[in-house]
Amino acid sequence: MALDADTLAWDKQDGLLPVVVQDADTRRVLMVGYMNREALQVTLDTGKVTFFSRSKQRLWTKGESSGHVLAMQAIEADCDRDTLLVQARPHGPTCHLGTTSCFPSAPGDVLGALQALIRTRDAERPPGSYTTKLFEAGIKRIAQKVGEEGLETALAAVAEEDGPLLGEAADLLYHLVVLLQARGLSLADALKVLEQRQR
């Protein structure tokens with residue numbers, strides 16, 4: 001559903017809305033900023049998250065000097081229509097200190113980060129990467145690896161200690177994410193199916 005700027009509570013904070021930016025893949029909170037109507041429109045028009053800088057009193061697109069832009073994936077208002085949540089894909093560190101998040105201990109989703117890395121490997125195909133090798137081998141080879149890892153996980157469950165079992169489970173998850181990516185799908189797509197089953 002499109003965000004209607006006219007329905008937002010601009011009057012509560014002198015024409016500004018706080019904006020929480022979350023990594024679209026890892027769900028980690030990256031930063032908080034403010035938008036006025038113009039910053040919101042620029043964000044919607046360009047897909048690059050743009051704020052209103054209260055200190056500089058002007059629009060500021062994240063990454064305009066560093067190149068570390070935030071590519072907007074989704075945006076929504078909270079229940080009171082006075083705060084925005086932006087889901088974005090960061091191109092480089094978000095914090096000016098060079099860290100991923102402005103909140104050093106903000107939790108994130110490891111599987112989401114893995115998905116993002118595998119998506120990048122698929123797009124860039126860096127030489128020497130095991131993931132590149134899998135993509136270039138094709139869907140049948142990737143599917144075979146998922147089968148092998150599934151069997152190894154099952155065998156470890158009945159014959160090994162916790163450590164080897166967890167190692168095999170991690171290998172299985174990795175190869176499953178590669179398989180989904182090779183089919184143009186994601187772990188998030190599979191999780192949506194689980195969510196639907198819980199209803």
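## Overview

The model is predicted: local features need pLDDT of at least 70, side-chain atom pairs count only at pLDDT 80 or more, and totals for chains, interfaces and linings use all residues. Residues are numbered from 1 along each chain as its sequence is written, and side-chain values use heavy atoms, with hydrogens and water left out.

## The sheet

An open sheet is formed by four strands in the order S2-S1-S6-S5, with mixed pairing. The edges are strand S2 (29-35) and strand S5 (70-77); each has a single partner strand, so one side of each has no neighbour in the sheet. On average, neighbouring strands of this sheet are turned by 25° against each other, direction ignored. The axes are lines fitted to C-alpha atoms, for helices over the stretch in contact, and angles run from 0 to 180 degrees between N-to-C directions.

Two strands count as paired if DSSP finds at least two bridges between them. Strands of a sheet pair through backbone hydrogen bonds, either parallel or antiparallel.

## Two antiparallel pairs

Strand S1 (residues 17-23) runs antiparallel to S2, and six bridges join them. In this pair, Pro18 is opposite Tyr34 of S2.

S5 and strand S6 (residues 84-90) are also antiparallel, joined by seven bridges. Ile75 has Val86 in S6 as its bridge partner. S5 and S6 make a hairpin with six residues between them, and Arg81 in the turn has a positive phi of about 60°.

## Residues in two helices

Val158 belongs to helix H4 (residues 139-159). Val158 counts as exposed because its relative accessibility is 72%; buried means under 20% relative accessible area, exposed over 50%, and partly exposed in between (1.4 Å probe, protein chains only).

Leu194 is in helix H6 (residues 187-197). With a relative accessible area of 44%, Leu194 is partly exposed. From C-alpha to C-alpha, Leu194 and Thr99 are 33 Å apart in space, and they are 95 residues apart in sequence.
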